[in-house]
There are 2 protein chains.
Amino acid sequence: MNVAGKPMRTIWAEADGGVDIIDQTLLPHEFVTVTLATLADAAHAIKSMQVRGAPLIGAAAAYGMALAMRDDASDAMLARAADTLLATRPTAVNLRWAIEEMRRLLSPLPPAQRAARAYARAAEICDEDVAINRAIGEAGFGAIETAWRKKGRRGRIDVLTHCNAGWLATVDWGTALAPIYRAQETGIPLHVWVDETRPRNQGASLTAWELREQGVPHTVIADNAGGHLMQHGKVDLCIVGTDRTTASGDVANKIGTYLKALAAYDNKVPFYVALPSPTIDWTISDGMREIPIEERDPREVTEIAGRLPDGSVARVRLTPEDSPAANPAFDVTPARLVTGLITERGICAASREGLLSLFPERREAARA
Amino acid sequence: MNVAGKPMRTIWAEADGGVDIIDQTLLPHEFVTVTLATLADAAHAIKSMQVRGAPLIGAAAAYGMALAMRDDASDAMLARAADTLLATRPTAVNLRWAIEEMRRLLSPLPPAQRAARAYARAAEICDEDVAINRAIGEAGFGAIETAWRKKGRRGRIDVLTHCNAGWLATVDWGTALAPIYRAQETGIPLHVWVDETRPRNQGASLTAWELREQGVPHTVIADNAGGHLMQHGKVDLCIVGTDRTTASGDVANKIGTYLKALAAYDNKVPFYVALPSPTIDWTISDGMREIPIEERDPREVTEIAGRLPDGSVARVRLTPEDSPAANPAFDVTPARLVTGLITERGICAASREGLLSLFPERREAARA
């Protein structure tokens, strides 16, 4: 996707082996790229959320392994690099997968070959992510096209999204935003309602920023506003991402997603969830009971960062000093509220049968 | 209610005729009272939202008329005071009512008697508001007691509220919070989930502050979190306020109320709306079509005020410079999602029949 008119990915290797990323903690106020030169740099980038979003974390971890091998290709370093990276965000599924994949690949090789192979595989992991997201974009575009046809191809299509499941969360294209970027290419007039997504404000900071850079018309709204907009016919469809989807189609995503799904259902607005298939957890079925919800630092609720009039970035406190806060980070949207799951193989119903129609090879795994 | 352990109203006259208020724009970071000495002071206090909340605005306007009469009790001043105050917040129903009431009362009097009569009537208006809110507290307490009985009087009662319909919005007691304060007096163990209520954050700043001062256990949450809490059985009932309720029980309230009502309905959590009867608009029936929704300054979404680490209060920008924002201030919750309306005459169903059972004298007005 574009930054200041120039196509760019969220992570890329330089000819000298350094790995460049966008420091996402500074967005939307500053656009800064950072070069990761060592394993420690890569671990820090993941831990401090300079890179975030499951697919991008996976890619950054793969490159972290490559950086470690460039420095010291011993078995001891291979083990240490894996441990170090795994400890950064212990619950991220893609992180674990990418590290295991690199270890499996590199262990049997003689140390002299490890670094080159690691860089090559990290680049492949990035390309695979891009290909999956492009396919999600193509599939999801179908949903936008249907809405556009329904409207008699007049006016514009209004999409509401929550949090950031855009290219910043992946290597390129994004998941929930990929269909929007694809539709933009075809010339369908689009406008995106961007939930600010308290408490971390990924919508107001990241989604708004990447849509602006890509030239997609959009409007930031308080998370409270979406229901009202749907009541008044101002939303044609919702597309969100997901952190984990059960075999029965229940969807865990950023806190507040469930409220938007309820409003969409109440107002007959189609509600889609975009997901790369590795996000499907075939081993569980009841999302509400089986998906543990991370409780994050209450200071994410009581304080917020923004830009002061002098241009500097500061944190301010919003609540009384002694008022406690709670901060559940995700919620679960039951499958019954989801119109369809947008995967790299197409759109299916949010149900066991729907998912198995696209992923028949998972029938055994989903039987549990 | 209490501030630092001392009982206090939100507005009161001093012996010398000055009128004291709490400057609510500084809460929760600073507690400052301000003396209004002139009509201009009163108009400024309402316009700048040092006082806010429909009942408190009405009381402040009544005292504004008294301050004007103290200065100059002429007919010309009576007209000018009414015009000045009416222009401060043109859509507030209680504001207009209080000004008309004072004008009706003062016009026939000889100028020499006007100031004293004005102060007396303003004080009565305050007392009437307190009496209404205490009655709402008593009625709403019934709903809390029912929940407490259902729970076998074990644990605690968790109430979720949105925005601020507390004593800060009224002269004392509040509307949505009055039942909570009443329950606290009886010793029922209570805990309140406080929606921060973006974009103006009246929950995080005002509701949290007054609950803390009153010693009611509470936790501030992002507006996104309430659905998740209800899914997990952590909310026993919701109580919110309203700006306008239709004759059929549709409820206009702060943006985001509708989303919480949907979640309450989906999880079988009772959802109550507390309202003084002057808030009922007997002339309209379909809230979604007939209640105009104020669109406020988008900077309330793109910027936020808070306290810097050095103790000073500052505004910070949250969004990219060129990303537009929209800011609808209210939404309408359809009557079908409302368990009951808590009025000063008791609790009724959110329907024409329900309302007329408590207010039979309105049958003619509601026929329209």
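This is a predicted model: local features need pLDDT of at least 70, side-chain atom pairs count only at pLDDT 80 or more; totals for chains, interfaces and linings use all residues.
Let me begin with two tyrosines: Tyr63(B) is buried, and Tyr119(B) is buried as well, where buried means under 20% relative accessible area, exposed means over 50%, and partly exposed lies in between, with a 1.4 Å probe and protein chains only. Residues are numbered from 1 along each chain as its sequence is written, chains are lettered from A in the order in which they are written, and side-chain values use heavy atoms, with hydrogens and water left out.

Now to the aromatic pairs. Over all chains, a search of the whole structure finds six of them, a pair being two rings of Phe, Tyr or Trp (its six-membered ring) with centres within 6.5 Å, called stacked if the planes are under 30 degrees apart, edge-to-face if over 60, and tilted otherwise. One of them is stacked, because the rings of Phe31(A) and Trp209(A) have centres 5.7 Å apart and planes at 15°. Phe31(A) sits in the loop between strands S4 (19–22) and S5 (33–36) of chain A and Trp209(A) in helix H7 of chain A, so this pair ties together parts that are 178 residues apart in sequence. Helices here are DSSP runs of H or I with at least four residues, and strands are runs of E with at least two, numbered from the N terminus. Trp209(A) counts as buried at 2% relative accessibility, whereas Phe31(A), at 36%, counts as partly exposed.

The tyrosines I opened with, Tyr63(B) and Tyr119(B), form a tilted pair, 6.3 Å from centre to centre and with 55° between the planes. Tyr63(B) belongs to helix H2 (residues 54–71) of chain B and Tyr119(B) to helix H5 of chain B, 56 residues apart, and the pair thus links distant parts of the chain.

Which residues does Asn201(A) touch, not counting those up to four places away in sequence? They are Glu196(A), Leu206(A), Ile304(A) and Leu318(B), a contact meaning heavy atoms within 4.5 Å. Asn201(A) is in the loop between strand S7 (190–195) and helix H7 (202–214) of chain A, and at 5% relative accessibility Asn201(A) counts as buried.

Finally, helix H6 (residues 178–186) of chain B has as its buried residues Ala178(B), Pro179(B), Ile180(B), Tyr181(B) and Ala183(B). Their cover includes helix H5 (111–150) and strand S6 (157–161) of chain B, and just after H6(B), Gly187(B) takes a positive phi of about 90°.
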